[in-house]
Amino acid sequence: MARSLSNMVHKGIATSTHFRLKLASGFGFHQGLKFSTRITGDSDTHEDFRPTSNLQDSGITVQDVVMQDVKENQVMLYIKGTTDAPRCGFSALAVKVLQQYKVPISARNILEDPQLKEGVKAFSNWPTFPQIFIKGEFIGGSDIVLNMHQNGQLKDLLNDIDADSDKAK
Ligand SMILES: N[C@@H](CCC(=O)N[C@@H](CS)C(=O)NCC(=O)O)C(=O)O
Ligand code: FES
């Protein structure tokens, strides 16, 4: 026999239906919880370390940023800290080596932006910093650039870069 809504409410069935609906809508909430759990579990995306860039809302991906960086800057570094104040010996070494040459050096501090940090790693498929790009090509880290400095390859590579240039040809 079909039961009327008032009957269902009276018998408490509608209440339990309502409860189920609340649970159903709570599912979305659950997904929200799952999402925040995932964020909290990743130290780089914990809210205390939230990126300072606005990439998330801009529609521009980190890959776009890196592609543009390496296209526009003949010597492009992704480092920990800045070229004036590196925050790691590896980054400091890369900067020091490259500063032996009269070429413009551009750099981004990956410590300021966890999204950029992970994006650069994904872009180059290289797990550590510093990361050095010269004339659009990924070179490697500080040990590689030091080695290239010592064996003369770096001089050859940087040879045609104008000291005043800041754009790729
Ligand atoms: N062989 C590399 C070593 C660099 C390295 O070990 N970097 C570490 C410590 S700064 C790193 O970036 N680890 C991954 C990370 O911090 O995300 C080089 O000479 O550049
Ligand atoms: S930050 Fe510790 S080795 Fe680079």
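Biologist: Is lysine 135 buried, exposed or partly exposed, and at what relative accessible area?
Modeller: In this predicted model, buried means under 20% and exposed means over 50%, with partly exposed in between. Lysine 135 falls in the middle class, so the answer is partly exposed, with a relative accessible area of 33%.

Biologist: Where does lysine 135 lie, and what is its phi near?
Modeller: Lysine 135 is placed in the loop between E3 and strand E4 (137-140). Most residues other than glycine have a negative phi. Lysine 135 has a positive value instead, near 50 degrees.

Biologist: Which loop holds asparagine 125, and what is its relative accessible area?
Modeller: Asparagine 125 sits in the loop between H6 and E3. The residue is not a glycine, yet its phi is positive, at about 60 degrees. Exposed means over 50%. Asparagine 125 is therefore exposed, with a relative accessible area of 69%.

Biologist: Which residue does a cis peptide bond join to phenylalanine 129?
Modeller: Most peptide bonds are trans. Here omega is about 10 degrees, and the bond is cis.

Biologist: With which side chain does the side chain of serine 124 make a polar contact?
Modeller: Serine 124 is in helix H6 and is buried, at a relative accessible area of 14%. Its side chain reaches the backbone oxygen of valine 120 at 2.9 Å. Leaving aside residues up to four places away in sequence, serine 124 touches Phe133 and Phe138, among others. The polar contact between side chains, at 2.5 Å, is with glutamine 131.

Biologist: How far is the polar side-chain atom of asparagine 109 from the backbone nitrogen of leucine 111?
Modeller: Asparagine 109 belongs to strand E2 (residues 106-109) and is buried, with a relative accessible area of 15%. Beyond four places in sequence, it touches Ile79, Lys80, Gly81 and Leu116. The distance from its polar side-chain atom to the backbone nitrogen of leucine 111 is 2.9 Å.

Biologist: What arc do the buried residues of helix H4 cover around the axis?
Modeller: In H4 (residues 62-72), Val62, Val65, Val66, Asp69 and Val70 are buried. They lie on the same side of H4 because they cover an arc of only 120 degrees.

Biologist: Which elements give two or more residues to the shell around ligand 1?
Modeller: Polar side-chain atoms of lysine 121 and serine 142 each lie 2.7 Å from an oxygen atom of ligand 1. Ligand 1 taken alone exposes 510 Å², of which the protein buries 73%. The elements asked for are helix H6 (114-124) and helix H7 (142-151).

Biologist: How many residues of the shell around ligand 1 are charged?
Modeller: Residues surrounding ligand 1 include Lys80, Phe90, Lys117, Pro127 and Asp143. One of them, lysine 80, has a side-chain N or O atom 2.5 Å from an oxygen atom of ligand 1. The shell holds five nonpolar residues and three polar ones, and the number of charged residues is four.

How values were computed. Residues are numbered from 1 along each chain as its sequence is written. Chains are lettered from A and ligands numbered from 1 in the order in which they are written. This is a predicted model: local features need pLDDT of at least 70, side-chain atom pairs count only at pLDDT 80 or more; totals for chains, interfaces and linings use all residues. Side-chain values use heavy atoms; hydrogens and water are left out. A residue is near a molecule or strand if one of its heavy atoms lies within 4 Å of it. A polar contact is a pair of N or O atoms within 3.5 Å; within protein, one must be able to donate a hydrogen and the other to accept it, and residues adjacent in sequence count only if both atoms are side-chain atoms. Accessible areas come from the Shrake-Rupley method with a 1.4 Å probe; for residues, only the protein chains shown count as cover. Helices (H or I, at least four residues) and strands (E, at least two) are DSSP runs, numbered from the N terminus. Ala, Val, Leu, Ile, Met, Phe, Trp, Tyr, Cys and Pro count as nonpolar, Asp, Glu, Lys and Arg as charged, and the others, Gly among them, as polar. Buried means under 20% relative accessible area, exposed over 50%, partly exposed in between (1.4 Å probe, protein chains only). The arc is that of the directions from the helix axis to the C-beta atoms. Contact means heavy atoms within 4.5 Å.
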